Amino acid sequence: MHPERIRTFLQEQGEPAYRAQQAIDAICSGRVLSFDDLTTWSKGLREKAAAELPLMSLKEKKILASSSKVAFKALVELADGNSVETVLMSPKPGLWTTCISSQVGCAMACTFCATGKLGLMRNLTAEEITDQVLFWMQYMHVHNMEGRLNNIVYMGMGEPMANLTNVEESLQLLTDPKVFNFGDRHISVSTSGLVPGILRLGKNWPQVNLALSLHVANDIERTAMMPVNKSFNIAKLQAALKEYFTLTNRKVFLEYILLRGENDTPRHAQQLIDFIEGIGKPHLLHVNLIVYNKTGAKYEETPREQSRGFADRLRKAGIHATIRKNLGRDISGACGQLAGEK
Ligand code: SF4
């Protein structure tokens, strides 16, 4: 649902502007699944809208629920037949977060990531991005699920900063009080390290959270794991984060997937500490240590004891670090596992 399409449609029908806002409010509540549910509209108007205006730019193809019912993954089909995955999870009772995709596939080719193997098919439109949020609001309504969807993370398929024009339009729609009305601080955008995007987000969206997928803090190993490091290496990332802090003074999340023997040794922990200290504001950086989910890549997860040791080293150096709870593993909906299907 793009609000502009609804406004234009109603204008063409000679309806007053307030009718459009009525409809947008109702649709964005997640309680309207078809134009037929818009009882404030006349029957004729509802029928015309149903015939001419698709309410959603995507439709459900498959849904998987984790055994604990705290994570759901949907494969949704777009109008051109492509599919993307989108996830709903509840890190705390009553609070729900959706992890949304920004592209069909991804060009960044990170070696630990299922989506990276697909290559890039195309960017998602702003409407296709926000409709993933609407999709889960509708899902929660239909299934009488308790709680509120109040957090959105751009950490699904794709590199958001490589589709920043559409991502920014989607941020506009999600935060617009007359459309979805989410708070900027309830939204996080992740990047594998596209520096121009980091700075643009800092300038245009200083209250939106930034997550940087770092995963290893030396150039040789990072370039092997994440080809983006050839263009934007460790020194450039440090400089970008310094500038980002000047722009926003907001905390940044460093995402770090622990991979057995690859980036989880005491040497790697020290390199991560040096990376953070080199930026100069360690209190503004929070390290999320992520348990690796097998994606068919050559990697293995770090044993739990060793993960704790890695986190302890960071903490002893005064760095905030948490080992992230892994929701939705049994549905391949956790980090790096979103691969979609055509
Ligand atoms: S981790 Fe993110 S940026 Fe890297 S290939 Fe996967 S989806 Fe793309």
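Okay, hi everyone. Before we start: this is a predicted model, where local features need pLDDT of at least 70 and side-chain atom pairs count only at pLDDT 80 or more, while totals for chains, interfaces and linings use all residues. Residues are numbered from 1 along each chain as its sequence is written, and side-chain values use heavy atoms, with hydrogens and water left out.

So, the layout. We've got domain 1, residues 3–52, and domain 2, residues 58–331; those bounds come from an automatic or database domain assignment. Their C-alpha centres sit 34 Å apart. Domain 1 puts 13 residues into the contact and domain 2 puts in ten, with contact meaning heavy atoms within 4.5 Å.

How much area is buried between domain 1 and domain 2? About 920 Å², and carbon and sulfur atoms give 62% of that. Buried area here is the accessible area (1.4 Å probe) that two parts lose on being put together, summed over both. On the domain 1 side, C28, G30 and L33 lose the most, together 44% of what that side buries.

If you look at E127 and R5, their side chains meet in a salt bridge at 2.6 Å, N to O.

Which helices supply that side of domain 1? Helix 1 (3–12) and helix 2 (17–28) each bring at least two residues, and helix 2 gives the most, with five. Helices here are DSSP runs (H or I, at least four residues), numbered from the N terminus.

Last stop, the ligand. Around the ligand you'll find C106, M108, A109, C110, F112, C113, T115, G116, G158 and S192, each with a heavy atom within 4 Å of it. That shell has six nonpolar, four polar and no charged residues; in this scheme Cys counts as nonpolar and Gly as polar.

Definitions and conventions:
A salt bridge is a side-chain nitrogen of Lys or Arg within 4 Å of a carboxyl oxygen of Asp or Glu.
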